[in-house]
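Hi everyone, thanks for coming.

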Amino acid sequence: MRVGVLGAGQLGQMLALAGRSLGVDFRFLAPDAGSPASNLAEQVVADYENTAALEHFAEGLDVVTYEFESVPVSSVEFLAERIPVYPPPRALETAQDRLYEKQFFRKLGIPTPDFAAVGFITELRDVLTRIGAPAVLKTRRLGYDGKGQYVLRNASEIEKAWVHVGGVPLILEKFVDFSRELSIIAVRSIEGDFRFYPLVENHHSEGILRLSVAPAPSVSEALQSRAEDYARRIMNELDYVGVLAVELFQRGDELLANEMAPRVHNSGHWTIEGASTSQFENHLRAITGMPLGNTDPTGAAGMLNVIGTIPDLARIQHHPDAYVHMYGKQPAPRRKLGHVTVLAADMQGVRNSVADLGRLLSKSSR
Ligand code: AMP
């Protein structure tokens with residue numbers, strides 16, 4: 001099996017590592033040479049819109065997938081006319097626009113924060129009055145890791161918010177006073193079989209994921225099945241194949257969908273060591289037509305992202321239950337450079353290790 005991947009970042013790197021033991025070969029396409037996945041497999045260095053390069057990339061591939069969410073839908077459709085592309089292009093198209101995505105959730109009966117489209121500053125005033133402050137103003141496209149967002153505490157901040165994110169199509173969402181953030185990672189095969197990982201609890205700061213713990217503590221069977229039901233509805237509607245992540249806000253017993261990612265997801269990295277089959281392996285199994293693997297967790301896990309600066313890795317490696325993954329990227333503010341997973345018999349053990357590692361991660365090696 002030869003899998004083509006659009007994008008060659010850390011998600012591609014971890015797909016390639018998982019694919020080795022499945023006997024899968026890879027070819028990547030991404031505009032920058034020297035991306036994290038580039039030393040693990042052949043890489044076509046070209047822009048995503050370059051059709052000659054896309055044709056060359058597609059030669060001899062069995063299936064194409066993507067690990068970068070902003071790849072142009074037209075390029076994915078161009079490839080889909082030649083070879084199977086999973087997840088289907090419509091999943092990507094829906095996930096790329098926060099307005100379509102929330103309308104799609106609503107159509108499927110999946111609760112979301114109250115929202116409305118905003119095109120002009122004059123419209124923003126009316127929409128804010130209707131939705132009510134506080135509210136989050138977001139760009140519909142190309143926002144990630146908290147970029148392209150502004151929290152409006154009251155109407156006096158409208159001009160400031162507009163300067164911050166305006167000039168492009170926007171969505172205004174009610175600010176949700178959630179008790180916590182969760183995500184569900186699901187996988188669907190070509191035949192329509194499903195597997196779900198246990199809900200993950202996610203901690204963000206400045207819009208960036210810092211810590212995930214899994215299985216999320218205090219999750220009732222009802223809450224887990226509700227999250228699975230939402231993911232199942234999305235995947236059935238899209239005739240989805242591969243791994244999907246759905247980010248959720250928990251408020252009491254309610255789950256509100258924030259967004260979906262039609263790809264392997266940062267909040268699923270713990271599955272490499274913490275589950276019987278990793279999200280990367282299950283994505284590859286799904287898109288290549290292999291049976292899906294067991295998603296049971298092996299115990300409790302915590303995953304800390306390494307962001308901005310490279311920590312003292314040797315000290316972290318001394319920790320007996322820590323697994324370090326570095327992506328080979330140059331340090332830069334807010335950039336995800338790697339992650340560390342810790343395993344323990346229970347959540348208290350994870351909390352203790354996360355506290356130790358959190359201290360080590362905040363100490364840069366340079
Ligand atoms: P996003 O880019 O939509 O995933 O947002 C990044 C982070 O901003 C989320 O993980 C939340 O912590 C926060 N956030 C986004 N939307 C809302 C909302 N409607 N209410 C409260 N917090 C939000």
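**Around the ligand**

Let's begin with Glu259: one of its polar side-chain atoms lies 2.9 Å from an oxygen atom of the ligand. That is a polar contact, a pair of N or O atoms within 3.5 Å; within protein, one must be able to donate a hydrogen and the other to accept it, and residues adjacent in sequence count only if both atoms are side-chain atoms. Before I go on, a word on the model: it is predicted, local features need pLDDT of at least 70, side-chain atom pairs count only at pLDDT 80 or more, and totals for chains, interfaces and linings use all residues. Residues are numbered from 1 along each chain as its sequence is written, and side-chain values use heavy atoms, with hydrogens and water left out.

A nitrogen atom of the ligand lies 3.1 Å from a polar side-chain atom of Glu173, and a backbone N or O atom of Lys174 lies 3.0 Å from a nitrogen atom of the ligand. How much of the ligand's accessible area does the protein cover? On its own the ligand has 480 Å², and the protein covers 91% of that (Shrake-Rupley method, 1.4 Å probe).

**Helix 5**

Helix 5 spans residues 98-107; helices here are DSSP runs (H or I, at least four residues), numbered from the N terminus. Arg98 is buried in this helix, and so are Leu99, Glu101, Lys102, Phe104 and Phe105. Buried means under 20% relative accessible area, exposed over 50%, and partly exposed in between (1.4 Å probe, protein chains only). At the start of helix 5, a side-chain oxygen of Asp97 comes to within 2.8 Å of the backbone nitrogen of Leu99. After the helix comes Gly109, with a positive phi near 75°.

**Salt bridges**

How many salt bridges does a search of the whole structure find? The count is 21, each being a side-chain nitrogen of Lys or Arg within 4 Å of a carboxyl oxygen of Asp or Glu. In one of them, Glu237 pairs with Arg90, with the closest N and O atoms 3.6 Å apart. This pair links distant parts of the chain, helix 8 (residues 221-238) and helix 4 (residues 89-95), 147 residues apart. Glu237 is partly exposed at 32%, and Arg90 is partly exposed at 38%. Finally, Arg2, Arg27 and Glu42 are linked in a salt-bridge network.

Notes. Helix = DSSP H or I, 4+ residues; strand = E, 2+ residues; numbered from the N terminus.
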